[in-house]
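Subject: Structure handover

Hello,

Here is the structure I promised to pass on. Please open it alongside this note.

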Amino acid sequence: MIKEKEITKLIINEYFNSLLSDIEIDVAIVGAGPSGLTAARILAKHGKKVAIFESRVAPGGGMWGGGMLYPVIVVKQGKELLEEVGVKCKRVNDYWTASAIETTSKLISAAIDAGARLYNGTTVEDIIVREGKVSGVVINWTPALQLGLLVDPLSIEAKFVIDATGHDCYVAKKIEKLGEKKIEGEKAMWAEMGEKASVEHSKEIYPGLYVAGMAAIAYAGSPRMGPIFGGMLLSGKKVAEEILKKL
Ligand code: 48F
């Protein structure tokens, strides 16, 4: 016999046990796009306690649609990070192509398989700053924020936070409010420069807070690169490795 109340109990128990165990973590990753997912996989693979908070229901960020909804991605650097998660890459001249759908789903499942927990429908609306260091994130249900409900958030303590929120660099903007830096936002497209800059500028921008992926581009005011994704993957790897040295 299937009982509705048992289904409800299972869902509530599973979710809240997971959230309870993640109130204090090593790394909080904001945004489940390619950079955040890659960082999560590497950190979790090294045994770190990692949670990803993603405002949308479906994780994956801006990768599902490839370029203008042609679901193909291109990489020139970082192909090994796709192969590590089992993505089939095809060489075409100096580039590699892969299915955007295969890539996105495998990045998500590899992060989860490595041990990262993914909280979807959950928006990071603020950060905790204590004694000059980012010490966690402030979360709320995405629908509560979208509806403008007056609902106070909850907080998660984290030793490190990664802003992988993409073009908006939402978390880094909180640092701007602390008077740290004027954020100019991403510049017009220049794929080669953008690819280099996405890795170069993925780093700690305030004690405890790292930027990765398009958030790093927007924070640094560098050119965007469009649907070439190697820089996004490598940026996630770079911040994960920098954080691993400190944990
Ligand atoms: O935009 P997104 O895919 O970020 P990324 O890892 O990769 C960028 C590329 O997809 C592409 C590109 C590269 O060529 O230009 O755009 O830098 O994923 C960012 C994720 O963060 C979520 C958002 O829904 C998306 O899935 N996000 C944004 N703000 C918040 C958030 C927030 N405040 N809290 C939680 N999630």
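Below are the notes on helix packing, ring pairs and one isoleucine.

First, the ground rules. This is a predicted model, in which local features need pLDDT of at least 70 and side-chain atom pairs count only at pLDDT 80 or more, while totals for chains, interfaces and linings use all residues. Residues are numbered from 1 along each chain as its sequence is written, and side-chain values use heavy atoms, with hydrogens and water left out.

**Helix packing**

Two packed helices are described by the angle between their axes and the distance between the axes. Axes here are lines fitted to C-alpha atoms, for helices over the stretch in contact, with angles from 0 to 180 degrees between N-to-C directions. Helices (H or I, at least four residues) and strands (E, at least two) are DSSP runs, numbered from the N terminus.

Start with helix 2 (residues 34–45) and helix 9 (residues 230–246). Their axes are 7 Å apart, at an angle of about 40°. That makes helix 2 oblique to helix 9. The classes are: under 35 degrees roughly parallel, over 145 roughly antiparallel, 65 to 115 roughly perpendicular, and the rest oblique. Contact means heavy atoms within 4.5 Å. On the helix 2 side, the contact includes Pro34, Thr38 and Ile42; on the helix 9 side, it includes Leu233, Lys237 and Leu244. The contact residues divide into ten nonpolar, four polar and one charged. Ala, Val, Leu, Ile, Met, Phe, Trp, Tyr, Cys and Pro count as nonpolar, Asp, Glu, Lys and Arg as charged, and the others, Gly among them, as polar.

Helix 2 also packs against helix 4 (residues 100–114). These axes come within 8 Å and cross at roughly 25°. Helix 2 and helix 4 are therefore roughly parallel. Their crossing is left-handed. Leu37 and Arg41 of helix 2 are among the residues in contact, as are Leu107 and Ala111 of helix 4. By class, this contact has nine nonpolar, one polar and two charged residues.

**Ring pairs**

There are five aromatic pairs. Rings of Phe, Tyr and Trp (its six-membered ring) pair if their centres lie within 6.5 Å; planes under 30 degrees apart are stacked, over 60 edge-to-face, the rest tilted. Tyr15 and Tyr119 pair edge-to-face, at 5.9 Å centre to centre and 90° between the planes. Tyr15 lies in helix 1 (residues 4–21) and Tyr119 in strand 6 (residues 117–120), so the pair ties together parts 104 residues apart in sequence.

Tyr15 is partly exposed, at 26% relative accessible area. Tyr119 is buried, at 2%. Buried means under 20%, exposed over 50%, partly exposed in between (1.4 Å probe, protein chains only). Ring pairs link Tyr15, Phe16, Phe53, Tyr119 and Trp141 into a cluster.

**One isoleucine**

Ile217 lies in helix 8 (residues 214–220). Is Ile217 buried or exposed? Ile217 is buried, at 0% relative accessibility. Not counting residues up to four places away in sequence, Ile217 touches several residues, including Glu186, Ala197 and Met225.

Best wishes

Technical notes
Left-handed = near helix turned anticlockwise from the far one by under 90°.
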